[in-house]
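Hi,

Here is the structure I promised to pass on. Have a look at it first, and then read my notes below.

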Amino acid sequence: MTTTPSARAHTSTRQAWAGGLTAFAGVMLLLAGLLGIFRGIMAIAQDNVFVTTPNYVFKFDLTSWGWIHLVLGAIAVIVSFGLFTPSMWARVAGVAIAGLVIIANFLSLPYYPVWSVVMIALSGFIIWALCVVQGRESMESP
């Protein structure tokens, strides 16, 4: 069975779209990871940069929050390099890390509210891009 030129063009357009979303997710995860690393270093090195709230339910020392963000950022950077190759493990790990980044930033909202909201939105876009790519690729395979 042969495919028509328009069907091949449609398939290649979908593949380009999926590849573009994977690249978008990889770059955004790399940026989120680097920003998480910098935020973690900031919290570890100098606690007075962050707002302190005395009656917060999820009470951690700011140095602990710094280590959490530093480790999540480092893992996000490593996973982002895997997204530049077409691998399923990188997509699954990317969604998982972006989800953990959302949770960590939600829990640290009182310490750095605007930045936490920005990182939550960025991680939401990463999850969206990785999930849409998976859905499009499964539709293309026979």
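What follows is a short tour, from the whole chain down to a few single residues.

Before you start: this is a predicted model, in which local features need pLDDT of at least 70, side-chain atom pairs count only at pLDDT 80 or more, and totals for chains, interfaces and linings use all residues. Residues are numbered from 1 along each chain as its sequence is written, and side-chain values use heavy atoms, with hydrogens and water left out.

The overall layout is quick to describe. The protein chain has 4 helices and 0 strands, with helices (H or I, at least four residues) and strands (E, at least two) taken as DSSP runs numbered from the N terminus. Along the sequence that reads α-α-α-α. Of the 142 residues, 35% are buried; buried means under 20% relative accessible area, exposed over 50%, and partly exposed in between (1.4 Å probe, protein chains only). If you take contacts (heavy atoms within 4.5 Å) between residues at least 6 apart in sequence, 75% of them join residues at least 24 apart.

Next, the loop between helix H2 (62-83) and helix H3 (88-107), where you'll find Phe-84. Phe-84 counts as partly exposed because its relative accessibility is 42%. Ser-87 sits in the loop between H2 and H3 too, but Ser-87 is buried, at 12% relative accessible area. A polar atom of the Ser-87 side chain lies 3.3 Å from the backbone oxygen of Gly-82.

Last stop: Val-118, in helix H4. With 40% relative accessibility, Val-118 is partly exposed. The C-alpha atoms of Val-118 and Asn-105 are 9.2 Å apart, although 13 residues separate the two along the chain.

Over to you!

Conventions
A polar contact is a pair of N or O atoms within 3.5 Å; within protein, one must be able to donate a hydrogen and the other to accept it, and residues adjacent in sequence count only if both atoms are side-chain atoms.
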